[in-house]
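Student: I would like to learn how to read a protein model. Could we go through one together?

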Amino acid sequence: MKIDAAARYRSSHEWARKEGSLIVTGISDHAQESLGDIVFVEFPEVGKTLKQGETFGVIESVKAASDLYMPMGGKIAAVNEALGGDPSAVNKDCYGAGWLIKFEPTNPSEWDGLLSAGDYEKEAAAH
Amino acid sequence: MNLRPEPLAYELSAPGRCGAALPEPDVPETALPEGLLRDDLPLPEIDELTAVRHFTRLSQKNYSIDTEFYPLGSCTMKYNPKANEAAASLPGWRTTHPLAGAEFSQGALELMYRLQAMLVEIGGFKAASLQPAAGAHGELAGVLMIRKWHRDRGDLKRVKMLIPDSAHGTNPATCSMVGFETVTIPSDADGGVDLAALAAALDDTVAGIMITNPSTLGLFERNIEKIAKLVHDAGGLVYGDGANLNAITGIFRPGDAGIDVMHFNLHKTFSTPHGGGGPGSGMVAAGERLADYLPGPIAVKKDGRFDMAMPKAGIGRLKAFHGNFGVLVRAYTYIRMLGAPGLRRLAETAVLNANYLKAKVEKVYPLKYGRGCMHEFVAMGNFVEGVHTLDIAKRLIDYGFHPPTIYFPLIVPEALMIEPTETETRETLDAFADALLKIAEEARTEPELLHSAPHVTPVGRLDEVAAARCPILCYRG
């Protein structure tokens, strides 16, 4: 399992990383590995404000469709349009080209409640 | 099964060939408007016999419960007795028309009236409606009833529906259709609903819970009465998903445990046709609280005569006329054939068969939740590095079996969800278990056999990823 040490995590396998004033989010290597080949990603509307833990989209693989959850509350600033044509980047490079959304956090202190890379790794390995 | 590859109709086409002779026109010919004409219409040109052979050969590739074992978890692919078909083919049923009116339809109305009463008794409810045309349609009915019940009491705050993560897969979609927000409730270590998480989620914005019992883990929810009480005390209602009724008929009545409304899949438990053909029937039954809210019309009896009537506070019609009537005749026939003792034996045998199969394979195919199962069990196919459940499922086809449901429920990694049903013999169960064990052996010794399976079908392993990412939906010559 690959881990991005600079990111923080949610138990539901989303990662979050600071990028200037924005937070960028995707799914973890463990998540893409369990889901298998991703075939479709449904994004939220840019400009929409969502709360922490709310569903921001759906990711679909040949095995299953899974909801995606906001690691922190925020206003959607960008979605990774490039995945529309070919979502395979989520499998190949989930912490890089396979990012899903960027948002402006409503409450930056929610960052502190997320799992550290080490804690997430332990939790995911136990599954 | 006919295993030869079958060409597409387009590949059988030859220019100018025709399968029909049209009579001379008896009206004057008129030119079509210019804008509607095109030079090219790529339809296959085939003679009649070639077309007949093509479609007959395709029909011979059907895999069905009438030809082979079909242990598709959550689907209850049981044998449909042919007596059901004989009854449904009787001219009185076959030729009746819903517009004939009650006066000329007393027999049909009596059958519906009796079937409603039977299902009410089986489920422990107060009233039933035969309107919904399928399971998900029945779910929609039940959740619309719950929404209307709250609204009629002026309670507009309740917009959340709780759904355990071991619930039937269609439940969240039903909530979205109704405009409710879904809140997932996790399972506890035993595979039941986590009561602490449930209690924490309950407040005055919760419309109710949708619960499947037995769950999609094939486990009986032992705390069902506690769960119903917790939800009722918080002002919510309890929807029961009847997908797994096959495990409990004649033994446990959901209505007695506090379920307010439930759908019955006549095409699962009550042996009416299933799968791509159907049509299905997902009739709903309700207890004291929701009986007046049922969709209508429902069959009623007044002064010894049968008629249709709308429930008092009902959600209205869900389907034209009276549901899928031909399916109702089949279910009625089945219930009358079995009787009360037969319905109990049905559930006992379904549970026995599943436990027999589980006992034969669980040493090799581990279970996440190990306790005794009901009508189905969920095993895991990840016991050999590099071999996945998908490979095991595909290899089963080589042994002549329909693969079980895979990768569902989502809370079990590499899930294989196996439901043998009550209609299989011990020999069939043994043969299926032997195939699973043999495949596990092959996974260790010859994994490439699994990776390249199936080998005996007209087409081999399909590229599901390419099919989903770039589907080709038109013939391209």
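Tutor: We will take domains, cores, sheets and a helix in turn.

Tutor: This is a predicted model, so local features need pLDDT of at least 70 and side-chain atom pairs count only at pLDDT 80 or more, while totals for chains, interfaces and linings use all residues. Residues are numbered from 1 along each chain as its sequence is written, chains are lettered from A and ligands numbered from 1 in the order in which they are written.

Student: Which domains does the assignment give for chain B?

Tutor: Domain bounds come from an automatic or database domain assignment. For chain B the assignment gives domain 1 (9-59), domain 2 (82-338) and domain 3 (345-466). The centres of domain 1 and domain 2 of chain B, taken over C-alpha atoms, are 46 Å apart.

Student: Which residues touch the most other members of the largest nonpolar core?

Tutor: A nonpolar core is a set of buried Ala, Val, Leu, Ile, Met, Phe, Trp, Tyr and Cys residues joined through C-beta atoms within 7 Å. A residue is buried if 20 or more other C-beta atoms lie within 10 Å of its own, exposed if 12 or fewer, and partly exposed in between; C-beta atoms are placed from the backbone. The largest core here has 114 residues, and B:Met145 and B:Ala286 touch the most other members. Helix H9 (residues 325-361) of chain B gives the most to this core, 15 residues. Helices (H or I, at least four residues) and strands (E, at least two) are DSSP runs, numbered from the N terminus.

Student: In what order do the strands of the 7-strand sheet in chain B stand?

Tutor: Two strands pair if DSSP finds at least two bridges between them. In chain B, 7 strands form an open sheet in the order S1-S7-S6-S5-S4-S2-S3, with mixed pairing. Strand S1 (127-129) and strand S3 (181-185) of chain B are at the edges, each with a single partner strand, so one side of each has no neighbour in the sheet. S1(B) is joined to strand S7 (residues 284-286) of chain B by 3 bridges, and the two run antiparallel. B:Ala128 is opposite B:Ala285 in S7(B).

Student: What order do the 3 strands of the open sheet in chain A take?

Tutor: The order is S4-S6-S7 (chain A), with antiparallel pairing. Strand S6 (residues 55-61) of chain A is joined to S7(A) by 5 bridges. A:Ile59 has A:Ser66 in S7(A) as its bridge partner.

Student: How many residues lie between the strands in the hairpin of S8(B) and S9(B)?

Tutor: There are 2 residues between the strands, and B:Asp303 takes a positive phi near 50 degrees. Strand S8 (residues 298-302) and strand S9 (residues 305-309) of chain B pair in the antiparallel sense over 5 bridges. B:Ala299 has B:Met308 in S9(B) as its bridge partner.

Student: How many residues of helix H10 of chain B are buried?

Tutor: In helix H10 (residues 389-398) of chain B, 8 of 10 residues are buried, so the helix is mostly covered. Among the buried residues are B:Leu390 and B:Ile392. What covers them includes helix H11 (426-445) of chain B. H10(B) is followed by B:Gly400, whose phi is positive, near 85 degrees.

Definitions and conventions. Contact = placed C-beta atoms within 7 Å.
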